[in-house]
Amino acid sequence: MSENTAKSDLPSLETLVTLCKRRGFIFASSDIYGGYAGFFDFGPLGSELKKNIKDAWWKAMVHERDEIVGLDSSIIMHPEIWAASGHIDGFNDPMVDCKESKKRYRADQLFFSPVSVDGNVIAYVSVEESGTMQAEAEEKAAEIKRKQAVQGSLDPIILKDYTEAKPEEYDQVPSPATGKPGSLTPPRQFNLMFETRVGPLADAAAKSYLRPETAQGIFQNFKNVVDTGRVKIPFGIAQIGKAFRNEITPRNFIFRSREFEQMEIEYFIDPDEETWPRVYREWIDTCKNWLVSIGIPADMVSEDVHPQDKLSHYSKGTTDLMFTFPFGTQELWGIACRGNFDLTQHQKHSGKSMEFFDESRKEKYIPHVVEPSLGVDRTVLAVLTAAYTEDEIPNDKGKPEKRILLKFHPRIAPFKAAVFPLLKNKPELVEVARTLYKQLQKRWNIAWDVSGAIGRRYRRQDEIGTPFGITVDFDTVEKDNAVTIRDRDTTTQVRIPLTEVEAWLAERIDG
Ligand code: GAP
């Protein structure tokens, strides 16, 4: 396999959405009913890809580390948890409606020029919110600067977001939908948690929530793990699971959806002031290295350090790992130093001590925490973006033909290899191929394909990212007891004895 490097030619989001549907990776949820905004289903190949990503993360973060243990907490938890964590009061997005078009926007993603440019106030919606290409948003900002230059204004036009608008400005900002002012409502807060009811009575006491993050399941189990897990500071609790957010404007395919999965770690550390900066940096590097280990090119990932004045009061630092998605560079993984805020809050609300007795220091304290929080679905989208490649290779007649391939790292590819008998009507070939297929299937997910010319079969596998194509031909049964293994990326072929195929693959898949 070739090493993945950043590509200058990213696929469009539409290209990925179409490929995902065509080849059974991802479907719109409730497709036969016209879809359901913000919800997606992972098909036969998508569910394999997603599972492989989660398994790779779990292996690297839990199995291969002595000080991290796993957890699988419930999705619906005691509602007081969300009061303690601040989600009931504060997990809001500001929302604005256009009364004319009935379109809805996140007010903090709607930007406007408080001074008029050429007699008009300019407004546009951010890249993330509009789903437009970054270039379009940049063009809009450049246009504002050009107009400002023409105006000869010495004051730079500072764009404000709509949450900062003064009441007298609401009517002046044009709606991004109609281009005309006067139809936007004032911003209002909208809580992103999905509500539900628990038990047969539909009264206020039955009100509960679908978790908007997996993290609180970890915090509320802190004592359980400490009391049963023989853990010592520093240690981490990892969890993979569904999270739900009633996003105002779900966008960009699976990038921002209403039901998604998270892979989160709460890493509990000594509260002294020297520890967190070191652990924080170590986690940023660990997360970046893990992305590379699943085939994401290092140069498609950058760090966005949140400015001190934008951090919540309890936070000491947050860095987002950003990825170059088809629609612009956006957050993939957040690494946050949350101090002891969450445990302290749960101690206060539950009345149970969240203190940890540190044997080495002979003292009790509430540990601080570094939290690397990654979305599974965003990782799937990042992996698809990085893997999508178009090239040209000779077809069966030797003529160059366009090919689409997904250069997945073998570790996460849905199928690790495909086995083909050269001809499907030659029982002696089919028998050997079938035996090899069954042998390999015991260890990995392997594809079997007997239909069509061998070149066509290779291409079908290229398009779904199968790294190796194994062909059983006449030489296998008549001469050398060996098979041809073709590399998806380079199309080069090697001859490997049947008895060595499994070890050959293991080195490349699991090694
Ligand atoms: N416990 C911290 C937390 O949940 P977050 O930044 O809100 O932090 C963490 O979310 C990660 O979860 C994000 O970096 C992203 O990968 C993923 N994520 C958040 N909201 C999402 C959504 N609506 N759709 C898909 N993934 C999302």
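Helices (H or I, at least four residues) and strands (E, at least two) are taken as DSSP runs, numbered from the N terminus. The model is predicted: local features need pLDDT of at least 70, side-chain atom pairs count only at pLDDT 80 or more, and totals for chains, interfaces and linings use all residues. Residues are numbered from 1 along each chain as its sequence is written, and side-chain values use heavy atoms, with hydrogens and water left out.

The secondary structure of the chain comes to 15 helices and 26 strands. The C-alpha trace spans about 85 × 70 × 50 Å along its principal axes. Of the 511 residues, 50% count as buried. Buried means under 20% relative accessible area, exposed over 50%, and partly exposed in between (1.4 Å probe, protein chains only). Accessible areas come from the Shrake-Rupley method with a 1.4 Å probe; for residues, only the protein chains shown count as cover. The accessible surface of the chain is about 24,100 Å², and 51% of it belongs to carbon and sulfur atoms. Contact means heavy atoms within 4.5 Å. Among contacts in the chain with a separation of 6 or more, 65% join residues 24 or more positions apart.

A polar side-chain atom of Glu213 lies 2.6 Å from a nitrogen atom of the ligand. For Ser257, a backbone N or O atom is 2.8 Å from a ligand nitrogen atom. An N or O atom in the side chain of Glu371 lies 3.1 Å from a nitrogen atom of the ligand. On its own the ligand has 560 Å² of accessible area, and the protein covers 88% of this.

A nonpolar core is a set of buried Ala, Val, Leu, Ile, Met, Phe, Trp, Tyr and Cys residues joined through side-chain atoms within 4.5 Å. The largest such core has 66 residues; Trp57, Trp283, Trp290, Trp333 and Phe408 have the most contacts inside it. Leaving aside neighbours within four places in sequence, Trp333 is in contact with residues including Trp57, Met61, Trp290, Leu321 and Pro372. A second, separate core has 21 residues, among them Leu429, Ala433, Val472 and Val501.

Tyr437 lies in helix 12 (residues 427–441). Its relative accessible area is 9%, so Tyr437 is buried. Not counting residues up to four places away in sequence, Tyr437 touches Val419, Ile446, Ala447 and Trp448. The side chains of Tyr437 and Gln441 make a polar contact (2.8 Å).

Helix 13 (residues 454–463) is largely enclosed by the rest of the structure, because seven of its ten residues are buried. Arg457, Tyr458 and Arg459 are among them. Gly465 follows helix 13 and has a positive phi, near 80°. The backbone oxygen of Gly465 lies 2.7 Å from a polar side-chain atom of Arg488. Arg488 sits in the loop between strand 25 (482–487) and strand 26 (493–497). Arg488 has 1% relative accessibility and so counts as buried. Its side chain also makes a polar contact with the side chain of Asp489 (2.6 Å).

The peptide bond from Ile233 to Pro234 is cis, with omega near 0°. Pro234 is in the loop between helix 8 (222–228) and strand 12 (235–244). Phe253, in the loop between strand 12 and strand 13, has a positive phi of about 60° although it is not a glycine. Phe253 is buried, at 12% relative accessible area. Ser30 has a positive phi near 55°. Ser30 is found in the loop between strand 1 (26–28) and strand 2 (40–42) and counts as partly exposed, at 32% relative accessibility.

Terms used. A polar contact is a pair of N or O atoms within 3.5 Å; within protein, one must be able to donate a hydrogen and the other to accept it, and residues adjacent in sequence count only if both atoms are side-chain atoms.
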